[in-house]
Structure formats: structure tokens, C-alpha cells
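Here is a short report for a first look at a protein chain. Keep the sequence and the model in view while reading.

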Amino acid sequence: MEPGAWGNKTVVTEFILLGLTKNIELQSILFAIFLFAYVITVGGNLSILAAIFVEPKLHTPMYYFLGNLSLLDIGCITVTIPPMLACLLTHQCRVPYAACISQLFFFHLLAGVDCHLLTAMAYDRYLAICQPLTYSIRMSRDVQGALVAVCCSISFINALTHTVAVSVLDFCGPNVVNHFYCDLPPLFQLSCSSIHLNGQLLFVGATFMGVVPMVFISVSYAHVAAAVLRIRSAEGRKKAFSTCGSHLTVVCIFYGTGFFSYMRLGSVSASDKDKGIGILNTVISPMLNPLIYSLRNPDVQGALKRLLTGKRPPE
């Protein structure tokens with residue numbers, strides 16, 4: 001910290017992240033665990049991307065969205081875990097103010113796109129099962145691109161709004177963040193100026209980035225469930241549900257952890273529980289996604305096997 005333009009106040013020029021533990025021996029173990037998790041997550045999502053790219057059967061809207069989801073998962077975990085690994089390796093974590101604000105922006109940008117992309121995937125399943133005759137027209141390549149662009153635009157506006165709102169707050173000490181990455185609630189706790197506006201923005205952001213997408217997903221799958229139950233053959237119902245099961249599992253994990261992170265509007269204080277939820281958000285969810293989609297999908301499994309063995313996909 002250094003003297004600033006606020007009289008006797010000092011300006012925070014860097015933040016000290018407490019991380020997950022102060023125990024040096026435990027830090028070494030955590031380094032190995034999170035490095036392994038990072039490699040597995042990036043490798044798994046890159047494998048999904050490669051399978052979608054080389055397998056003609058996977059050149060469909062559903063897998064187009066899944067490919068984008070894999071890219072986002074790689075981005076989300078890369079924004080948070082490599083800096084944490086560097087901190088665990090050096091046994092200290094001093095983050096410059098600008099780097100902290102940048103991490104906050106990119107994390108909320110990528111996680112926000114994730115929110116709305118899951119909504120687009122639910123809409124895709126609704127059209128495929130409930131409107132099969134017009135599916136190819138309503139989910140053309142132009143529509144797919146437009147949906148991803150809208151997801152990115154909404155998330156960019158949300159992330160930029162929160163970042164600007166945090167950057168105008170006064171931080172005059174202390175500068176110790178009780179977390180392993182820079183996020184809104186722990187930074188709010190350190191501000192020496194009013195965070196009333198930030199709390200309101202957090203409420204509005206949580207509504208548009210969490211509640212509204214969840215409502216659309218719920219409505220889409222209510223229609224899907226009704227349509228599937230009208231299918232007379234048990235095999236047909238099983239096939240229809242199998243295409244939605246993976247997506248619903250990912251939605252539950254993603255929104256479940258996100259709900260506990262940002263929808264606790266009565267408190268912005270940081271705690272060790274928030275660190276555990278942060279691990280679920282930044283590590284476990286991106287790591288499970290490729291596993292969930294590959295385990296429940298024979299087409300993805302076949303593409304991955306051909307990719308590993310070097311066999312060409314059938315014409």
C-alpha cells in the first residue's frame with residue numbers, strides 16, 4: 001500500500017490472497033492435486049473438442065454448443081487455477097491490483113457465457129424434441145452463431161458492469177483477501193467506501209445471469225418432458241431422455257454451486273465455506289463436464305476411441 005490522494009488514507013496497490021491453507025506441507029499436496037485436476041480438465045475438454053471436430057456425426061447444433069462449452073471450461077479454469085498454483089509453489093500470493101481486477105472480469109465473463117450457453121443448449125433440446133419438423137430451419141448455423149453471440153454480449157456487459165463498479169471503490173486497507181482468487185464478495189468486504197450500489201448490481205446480475213436462464217431452462221425441459229412422455233415406445237422415451245440427461249446433470253452442478261456463491265444476498269462476507277464452493281465452481285464443474293458428456297454418449301465415446309486409435313470415421 002502507498003499514500004494516495006485521500007489525505008491520510010493509503011491506497012491498496014496489491015492484494016494478498018490467503019489461499020486454501022497456510023500449512024506449507026499441505027500446500028505442496030494441494031499443488032499436486034490441483035495441477036493434476038487442471039491437466040485432466042484441459043485434456044478432457046480438448047478431447048471433446050477434437051472428437052467433435054473429426055467426427056462427422058457430431059457436426060450438429062447440440063455438439064456445436066458443447067464445443068463452445070468445452071472452450072469456456074478451459075478458459076474458466078485457466079483464469080483461476082494457474083495463478084493459484086504459482087501461489088502454492090512460492091508459498092505467498094501477492095496479486096497486483098490491476099491483475100486482481102482483470103481476473104475478476106475474465107472469470108465473470110466466461111462463467112456468464114457458460115450460464116447463457118446452457119440456456120441455449122436447453123432451447124436446442126426443446127426444438128429437437130418438441131419441434132422436430134422445423135428444427136433444421138430454427139436451429140440453422142446462423143441461428144447457432146447468433147445465440148452464442150448473444151450469450152457473449154450479455155455476459156460481457158454484466159462482467160464489465162461489475163468490474164467498473166468494483167474499480168471505483170476505495171480500498172485503503174487491509175488488503176488481505178480470504179479466498180484463492182479475486183471475486184466480488186471478498187473484495188466487497190475490504191472496501192472502505194459504500195458497497196450499496198455494488199450489492200444492487202450483484203442482485204440484478206444474479207437475476208439476469210442466474211434466475212432468468214434457470215427459468216428458461218426449466219420451461220424448456222417441462223415441454224421436453226411432456227413431449228417425451230407422449231412417446232409410446234419405451235425405447236423412444238429412453239433415447240429422447242438420454243440426449244437431455246447429460247445437459248441436465250451439468251446444469252444442476254453449475255447452477256447449484258453458482259447459487260450458493262452469488263445468491264446469498266444477505267451477506268457478502270468471505271468464509272472458508274466460500275472457498276469450498278469456489279473449488280466446485282472453478283475446478284470440479286469444468287472437470288466433470290467432459291466426463292459426464294462422454295460417459296452418457298456413445299457417439300462421443302466412439303469418436304474418442306477413433307481419435308485415440310487413429311482410425312478414420314465411417315463415411
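## A strand with two partners

Isoleucine 16 stands opposite valine 176 in E5. Isoleucine 16 also stands opposite arginine 94, in E4. Strands (E, at least two residues) and helices (H or I, at least four) are DSSP runs, numbered from the N terminus. Two strands pair if DSSP finds at least two bridges between them. E3 and E4 pair in the antiparallel sense, over 3 bridges. E3 and strand E5 (residues 176-177) run parallel and are joined by 2 bridges.

Strand E3 covers residues 14-17. Its covered face holds Phe15 and Leu17, its uncovered face Glu14 and Ile16.

## How the model is read

This is a predicted model, in which local features need pLDDT of at least 70, side-chain atom pairs count only at pLDDT 80 or more, and totals for chains, interfaces and linings use all residues. Residues are numbered from 1 along each chain as its sequence is written, and side-chain values use heavy atoms, with hydrogens and water left out.

## The chain as a whole

The chain has 10 helices and 5 strands. Of its 315 residues, 45% count as buried. Buried means under 20% relative accessible area, exposed over 50%, and partly exposed in between (1.4 Å probe, protein chains only).

Contact means heavy atoms within 4.5 Å. Among contacts between residues at least 6 apart in sequence, 78% join residues at least 24 apart. The accessible surface (Shrake-Rupley method, 1.4 Å probe) comes to about 15900 Å². Carbon and sulfur atoms account for 68% of that surface.

## Cysteine 93

Where is cysteine 93 found? It sits in the loop between helix H2 (61-90) and strand E4 (94-96). Cysteine 93 counts as buried because its relative accessibility is 10%.

Not counting residues up to four places away in sequence, cysteine 93 touches Phe15, Ile16, Leu17 and Cys87. Leucine 18 is 75 residues apart from cysteine 93 along the chain, yet their C-alpha atoms are separated by 7.2 Å.

Isoleucine 157 lies in helix H5 (residues 141-167). Is isoleucine 157 buried or exposed? At 55% relative accessibility, isoleucine 157 counts as exposed.

Helix H10 (residues 298-309) has 12 residues. The expected span is 1.5 Å times one less than the number of residues. For H10 that gives 16 Å, and the end C-alpha atoms are 16 Å apart, so the two agree. The buried residues of H10 are Val300, Gly302, Ala303 and Leu304.
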